[in-house]
Amino acid sequence: MEASTRQRVLRVVSEEGPITAAGLAEHLQLTPAAVRRHLDALVEDGTLDEREPATAGLRRRGRPARGYVLSESGHRTLRNTYDGVATAALRFLEQQAGEDAVSAFARQRIAELEARCAAELEAADDDVASRTDALVRALTAEGYAASARPVGQGGPLAGVQLCQGHCPMQHVAAQFPQFCEAETEAFSRMLGVHVQRLATLAGGEHVCTTFIPTPSTPERTARPSQHTSDERFSR
């Protein structure tokens with residue numbers, strides 16, 4: 001019960017913060033003493049930060065009421081809670097409707113991400129490098145902490161390495177890799193080349209890494225030598 005009440009406090013603070021202890025007590029239908037006990041514990045463990053509410057300056061007497069907001073640690077805690085609910089919902093969907101239903105849901109969610117990135121990519125030039133830079137900007141705006149750098153320059157596997165230092169769906173994707181698969185397919189569509197996912201946060205790596213070939217890469221890899229090409233056509 002204590003844990004459940006504390007989660008309710010966190011959710012209200014995330015939605016209404018900065019909010020005072022009195023405001024929380026009224027919202028949750030709890031006594032001020034009970035709310036303050038939870039608030040003190042959450043501030044002590046770093047989940048909440050204290051802040052003077054915007055209305056405090058209007059108080060003429062007494063000490064201004066303290067307001068509470070989520071700290072960065074609090075945001076992570078709340079995200080993890082929602083991740084658990086999302087994972088449970090997807091597991092239920094899989095049990096009731098099968099893996100295809102989960103895959104369809106993953107494709108729909110990634111299609112929504114693709115649609116939000118569309119404007120940034122439409123404004124980019126047609127070359128792969130420009131479109132990759134646009135994708136990096138769009139993904140960063142979505143909270144993926146994206147970056148890109150050239151790799152294999154002058155070699156047979158020249159291209160661009162797209163990195164995502166954060167994934168909002170990491171914990172869900174760890175249970176349901178359909179989300180990573182759908183995202184990789186979306187990258188291929190948006191960039192107009194076949195990309196290859198090399199590593200994922202969901203798979204336990206420290207970053208999601210995707211290899212994006214430059215236009216010359218497929219030619220080099222498909223025809224590594226004249227001998228190989230002749231053998232292919234002779235068959």
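Modeller: On a 1 Å grid over the protein atoms alone, a pocket is an open set of points where a 1.4 Å probe fits, with protein on both sides within 12 Å along at least five of seven lines, and lining residues have an atom within 4 Å of a point. Grid points are joined across faces, edges and corners, and a volume is the space filled by probe spheres set on the points. This is a predicted model, in which local features need pLDDT of at least 70 and side-chain atom pairs count only at pLDDT 80 or more, while totals for chains, interfaces and linings use all residues. Residues are numbered from 1 along each chain as its sequence is written, and side-chain values use heavy atoms, with hydrogens and water left out.

Colleague: What volume does the largest pocket have, and which residues lie nearest its centre?

Modeller: The volume of the largest pocket is about 380 Å³; 16 residues line it, and Arg 109, Tyr 144, Pro 168, Met 169 and Phe 179 lie nearest its centre.

Colleague: Which helix gives the most to the lining of the largest pocket?

Modeller: Helices are DSSP runs of H or I with at least four residues, numbered from the N terminus. Helix 5 gives the most to this lining, with six residues.

Colleague: How should I read pLDDT, and which elements have the lowest and highest means?

Modeller: pLDDT is the predictor's confidence in each residue, from 0 to 100. The lowest mean among the elements belongs to helix 10 (residues 226-234), at 36, and the highest to helix 8 (residues 178-191), at 97, while the protein chain has a mean of 83. Over residues 217-235 the pLDDT is below 50.

How values were computed:
Helix = DSSP H or I, 4+ residues; strand = E, 2+ residues; numbered from the N terminus. Contact = heavy atoms within 4.5 Å.
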